[in-house]
Amino acid sequence: MSDFVEQCRREWRRLGVPDPLADEMAADLASDLAEAEGEGVSAEELLGRSAFDPSSFAATWAAERGIVPAPQRRGIARKPVVLVVFTALAATTVIVAALLLLSGRPTVTMVASGNPKARLFPPTATFVPPAPDQHVLQANTSAPVEWILLFLAVAALGFAAWLWAGWSSSRRYAPL
């Protein structure tokens with residue numbers, strides 16, 4: 001029996017895998033390794049990086065079969081950086097869109113005159129009262145765009161909250 005299989009046996013014994021199951025798994029592993037070797041496939045090609053860590057391979061295999069609990073990784077659970085950036089960007093966009101809507105800028109002023117020879121002038125910073133035959137129209141032309149931006153930003157923020165909720169609940173049961 002190969003050294004790799006023997007190291008896996010020791011790990012299964014340490015994890016408390018019952019002997020009949022450990023014997024069955026060791027026999028399966030030994031036959032798979034022998035079959036791969038007969039076909040010219042190395043253990044590294046068959047097992048990948050696990051070929052260099054028999055203890056981890058044995059623990060993972062036993063956990064996948066439901067014999068032992070999944071191995072726990074050590075370390076601090078961290079939020080994905082992309083999710084943090086996405087949330088910050090969505091929150092910033094909500095604030096900017098709300099401030100743009102509240103400020104009411106930019107506005108467009110149009111002066112219509114009954115005189116066909118009258119020209120339209122760009123809005124000035126000061127208010128000029130209209131003549132008796134003129135009509136003044138002021139409108140916030142960017143308001144529809146700002147409302148759309150606000151709606152999309154709130155939707156993005158809701159999506160980020162949903163991702164955060166899903167991420168934290170999935171981390172509750174997954175290995176760290």
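User: What is the mean pLDDT of the chain, and what share of its residues reach 70 or more?

Analyst: The model is predicted. The mean pLDDT of the chain is 76, and 66% of its residues reach 70 or more. Where pLDDT is low, the predicted coordinates should not be read in detail.

User: Why is Asp19 called exposed?

Analyst: Exposed means over 50% relative accessible area. Asp19 has 52%, so Asp19 is exposed. Asp19 lies in helix α2 (residues 19-38). Its C-alpha atom is separated by 9.2 Å from that of Arg9, ten residues apart along the chain.

User: Why is the pair of Phe57 and Trp61 called tilted?

Analyst: Two rings pair if their centres lie within 6.5 Å, and planes under 30 degrees apart count as stacked, over 60 as edge-to-face and the rest as tilted. The centres of Phe57 and Trp61 are 5.8 Å apart, so the rings pair; their planes are at 45 degrees, so the pair is tilted. By this rule the count comes to five aromatic pairs. Ring pairs link Phe57 and Trp61 with Phe4 and Trp12 into a cluster.

User: Why are Phe57 and Trp61 separated by about one helical turn?

Analyst: Because they are four residues apart in helix α4, the separation is about one helical turn.

User: Are Phe57 and Trp61 buried or exposed?

Analyst: Phe57 and Trp61 are both buried, and that term stands for under 20% relative accessible area. Other buried residues of α4 include Pro54, Ala58 and Ala62. The buried residues of this helix pack against α1, α2 and α3 (43-47). After α4 comes Gly66, with a positive phi near 80 degrees.

User: Which residues of the largest nonpolar core touch the most other members?

Analyst: Of its 18 residues, these are Phe4, Cys8, Trp12, Leu29 and Phe57. At least two residues of this core come from each of α1 (3-15), α2 and α4 (54-64). Another core, of five residues, lies apart from it, with Val94, Leu101, Leu150 and Ala153 among them. In soluble globular proteins, nonpolar side chains tend to be buried together.

User: Which residues is Phe57 in contact with, leaving aside its neighbours within four places in sequence?

Analyst: Phe57 is in contact with Phe4, Cys8, Leu29, Leu47 and Ser50.

Note on methods: Residues are numbered from 1 along each chain as its sequence is written. Side-chain values use heavy atoms; hydrogens and water are left out. Buried means under 20% relative accessible area, exposed over 50%, partly exposed in between (1.4 Å probe, protein chains only). A nonpolar core is a set of buried Ala, Val, Leu, Ile, Met, Phe, Trp, Tyr and Cys residues joined through side-chain atoms within 4.5 Å. Contact means heavy atoms within 4.5 Å. pLDDT is the predictor's confidence in each residue, from 0 to 100. Rings of Phe, Tyr and Trp (its six-membered ring) pair if their centres lie within 6.5 Å; planes under 30 degrees apart count as stacked, over 60 as edge-to-face and the rest as tilted.
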